[in-house]
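Please keep the sequence and the model in view while reading.

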Amino acid sequence: MNVRTKLTSDIEGLAHQVDPLSRRGFFLTASAAAAAGYTLAAGPVSAQAIHTDTTGITAGDAKVKVADGEMPVYYAKPANAANAPVILVAMEIFGLHEYIKDVTRRLAKAGAFAVAPDYYFRKGEDLTKITEIPKLMPIVNPKPDAELIADLDATAAWAKSQGGDTNRLGIMGFCRGGRTVWIYAASNPNLKAGVAFYGTVVDPPPQKSIWPKSPTELAPDMKAPVLGLYGEADQGIPVAQVEAMKAALQAAGKTAEFKIYPGAPHGFHADYRQSYRKEAAEDAWKEMIAWFKKNRVLA
């Protein structure tokens, strides 16, 4: 079995992307990328990656108590706003690196108490320092859904203890984090809304013992409205799978919307990677903010 066949569908889309050096602006060396806080396994990092400052917000690192330790998180929230709504940020498989932190700050600028938990911390590995995707798989794939949900619940509880308003709880995520959005939306009755960026909706059979149901199988259990944002050219998540998920949700009478971006690959929002598509990314961000406002997460 070759490396590619071992990859889950969310990572399969990354494996098919073009050589980043054939695109302009992707010339940060590995050492420079690491120094800037980006992951290494996703390949060369764009020298033009977006950076969001902390003007008007408070941001930093913290620890959240979970059943078997303390989980690192990165948070950002409006500096002078009480009871800001809580939005959980579900990361990719690449660890809690600068892009995820930047997205967290962007959400704080939009009025949220945003928190990105590092729920792979139990393995004792810094995922941002790993240079090859296949080396990540044995670390991230064994993460049970039950443990993942508990970690997200603990993150939300911590945000509440810090003054966040979990009566307006949302979640958003990318890639594997997009799948996490679907899983969490099926588990937490207190969730108000979710936004899944190119999250896989069909799981590989070998994961069944620790991922009991795929997002599509969980369609009847969805407890919150979810917006799915997908790329038409995602080679790991075919449009047919997205359409099947949409149909399953409709059949179950659940509230969800989907937008598929023509020509956009997997990871089209990831401004630090070669997969970034500016127009699609900016539109998807606007769609997400509008979704959170529509569902009373953001004001």
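Q: Where does Arg296 lie relative to α8?
A: This is a predicted model in which local features need pLDDT of at least 70, side-chain atom pairs count only at pLDDT 80 or more, and totals for chains, interfaces and linings use all residues. Residues are numbered from 1 along each chain as its sequence is written, and side-chain values use heavy atoms, with hydrogens and water left out. Helices (DSSP runs of H or I, at least four residues) and strands (E, at least two) are numbered from the N terminus. On that numbering, Arg296 is found in the segment after α8 (278-294).

Q: Is Arg296 buried or exposed?
A: Buried means under 20% relative accessible area, exposed over 50%, and partly exposed in between, using a 1.4 Å probe and protein chains only. Because the relative accessibility of Arg296 is 70%, this residue counts as exposed.

Q: What is the phi of Tyr198?
A: Most residues other than glycine have a negative phi. Tyr198, in the loop between β6 (191-197) and β7 (226-231), is buried at a relative accessible area of 0%. Although Tyr198 is not a glycine, its phi is positive, at about 40°.

Q: How far apart in space are Ala84 and Tyr99?
A: Ala84 sits in the loop between β2 (69-78) and β3 (85-90) and, at 6% relative accessibility, counts as buried. Leaving aside neighbours within four places in sequence, Ala84 has contacts (heavy atoms within 4.5 Å) that include Pro78, Phe113 and Arg168. Tyr99 is 15 residues from Ala84 in sequence, and from C-alpha to C-alpha the two are apart by 22 Å.
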